Amino acid sequence: MKRRSLPVAAAMAATAALLLTACGGGDDKATDNDKIAGADQTSESPKASPSASTAGAPAETNPDGVDVSLPKDINLVFDWTKPANKNEAAAMDDAANFIRAIYHGVDKRTTKDAAVVTYSTGNGLRYAKTQIDVRLKGGWTATGTRRHYDATTRSTPNGNSVEVAFCVDSSKFYSKEVKTGKVLKGAPSITDFDYFKIVMVKFPTTDSLWQASKVYVEAKAAKCQ
C-alpha cells in the first residue's frame, strides 16, 4: 500500500498495524553469525484447501495447487536470483508466493483466502491478515508495480528454517479506491523503500511447501534506494 498517499488518519492506522505485526521492524543489525529469529517456529496445517476453480490455472499462478494470480494492474516483480541451495531456493519461491498471497487476498477482499493460509503460519499469518484488513477497512485495493530485489538467504543448521531478506521499491505502487477506481498517488520519497526479512519454515509433511512464520520490516530503508 502506498503509505504516503493515504488520508492522515488511515495512514496512522496502517502504520500502527504494520508496527504491531512487524515483530522487530528496523532490525538491521543482524549478521550472518546471528541466529535466525523465530527459527524454532513450528508450521501449522493450511486451514483451507484450494478451490476447484483453480484446477486449470497455469503453474506459475497456481503453485502447490493454490491460486495466487493477480489482476493485470497489480504487478509484483521479483528481481532476484535463486540460490544454489535447494531448500533456500524453495523458501525464496514461497516467500514470493507469500507476498502474492497477500495481494491475492486484497484483490479477493478476504483474509481467509486459501493462498494466505497456505503460505503463512503463526506471526506470518497474522501479518498477512493485518495487511489485508487495513486495505479492506480503508476500501482500497492496489495497482502499479512493486519491485523486490537484492535478496539474500541464510539457513539454520538443520535446514528447516530459511531467512529470506530483500528490498522493496513501492515508488510505482499505489492504493486504489475500490468504489471509485481513483488511484492515490503522492510525491516519491524514502517511504517508498522497505527492507524485509521473512523467516520461512518447511511444512513438515512435504519438501516443497514453505510458510512465512515471522516478518520483520525496516521502513524508510535508505540502503534500498
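# Exercises on a predicted protein model

Helix 4 has 17 residues and spans 25 Å from its first C-alpha to its last, close to the 24 Å expected at 1.5 Å a residue. The model is predicted. Work through the exercises with the structure open.

## Exercise 1: Helix 4

Find out which residues of helix 4 are buried, and what follows the helix.

*Solution.* 
Step 1. Buried means under 20% relative accessible area.
Step 2. Go along helix 4, residues 122-138. The buried residues are Gly-122, Asn-123, Gly-124, Leu-125, Tyr-127, Ala-128, Thr-130, Gln-131, Ile-132, Val-134 and Arg-135.
Step 3. Gly-139 follows helix 4, with a positive phi near 75°.

## Exercise 2: The whole chain

List the elements of the protein chain in order. How much of the protein chain is buried?

*Solution.* 
Step 1. Count the elements. The protein chain has four helices and six strands.
Step 2. The order is α-β-α-α-α-β-β-β-β-β.
Step 3. Turn to burial. Of the 225 residues in the protein chain, 50% are buried.
Step 4. Residues 24 or more positions apart account for 75% of them.

## Exercise 3: Helix 2 and its ends

Describe the span of helix 2. Is the helix mostly covered or uncovered? Then inspect both ends.

*Solution.* 
Step 1. Helix 2 covers residues 86-108, which is 23 residues.
Step 2. Compare the spans. Helix 2 reaches 32 Å from its first C-alpha to its last, close to the 33 Å expected at 1.5 Å a residue.
Step 3. Check burial. Helix 2 is mostly covered, with 17 of its 23 residues buried.
Step 4. Go to the N-terminal end. Asn-85 caps it: a side-chain oxygen lies 3.0 Å from the backbone nitrogen of Asn-87.
Step 5. Go to the other end. Just after helix 2 comes Arg-109, with a positive phi of about 65°.

## Exercise 4: A buried glycine

What does Gly-105 contact beyond its sequence neighbours?

*Solution.* 
Step 1. Gly-105 is in helix 2.
Step 2. Check its cover. Gly-105 is buried, with a relative accessible area of 0%.
Step 3. Leave aside neighbours within four places in sequence. Gly-105 then contacts Thr-110, Asp-113 and Ile-132.
Step 4. Follow one partner. Ile-132 is among the buried residues of helix 4. The C-alpha atoms of Gly-105 and Ile-132 are 6.5 Å apart, while the residues are 27 apart along the chain.

## Exercise 5: Aromatic rings

How many aromatic pairs are there? Work out the geometry of Trp-80 with Phe-166 and of Phe-98 with Tyr-127.

*Solution.* 
Step 1. Rings count as a pair if their centres lie within 6.5 Å. The count is five aromatic pairs.
Step 2. Trp-80 and Phe-166 lie 5.3 Å centre to centre, with 65° between the planes. Planes over 60 degrees apart count as edge-to-face, and this pair is edge-to-face.
Step 3. Locate these rings. Trp-80 is in the loop between strand 1 (74-79) and helix 2, and Phe-166 is in strand 3 (residues 161-177). They are 86 residues apart, and the pair links distant parts of the chain. Trp-80 and Phe-166 are both buried.
Step 4. Take the second pair. Phe-98 and Tyr-127 have ring centres 6.4 Å apart and planes at 40°, so this pair is tilted.
Step 5. Phe-98 is in helix 2 and Tyr-127 in helix 4, so the pair ties together parts 29 residues apart in sequence. Phe-98 is buried at 1% relative accessible area, and Tyr-127 is buried at 4%.
Step 6. Look for a group. Phe-78, Trp-80, Phe-166 and Phe-196 form one aromatic cluster.

## Exercise 6: Charges over rings

Which residues lie over the faces of Tyr-149 and Tyr-195?

*Solution.* 
Step 1. Over Tyr-149 lies Arg-147, at 4.1 Å from the ring centre.
Step 2. Over Tyr-195 lies Lys-223, at 3.9 Å from the ring centre.

## Exercise 7: Positive phi

Where are Asp-64 and Arg-109, and are they buried or partly exposed?

*Solution.* 
Step 1. Most residues other than glycine have a negative phi.
Step 2. Asp-64 is not a glycine, yet its phi is positive, about 55°. Asp-64 sits in the loop between helix 1 (8-22) and strand 1. At 39% relative accessibility, Asp-64 is partly exposed.
Step 3. Arg-109 is not a glycine either, and its phi is positive, about 65°. Arg-109 sits in the loop between helix 2 and helix 3 (114-118). At 29% relative accessibility, Arg-109 is partly exposed.

Methods. Residues numbered from 1 in each chain as written. Predicted model: local features only at pLDDT ≥ 70, side-chain atom pairs only at ≥ 80, totals over all residues. Heavy atoms only, no water. Helix = DSSP H or I, 4+ residues; strand = E, 2+ residues; numbered from the N terminus. Buried < 20%, exposed > 50% of the residue type's maximum accessible area, 1.4 Å probe, protein only. Contact = heavy atoms within 4.5 Å. Expected span 1.5 Å × (residues − 1). Polar contact = N/O pair within 3.5 Å; in protein donor to acceptor, adjacent residues only side chain to side chain. Phe/Tyr/Trp six-rings, centres within 6.5 Å; stacked < 30°, edge-to-face > 60°. Lys NZ or Arg CZ within 6 Å of the ring centre and 35° of its normal.
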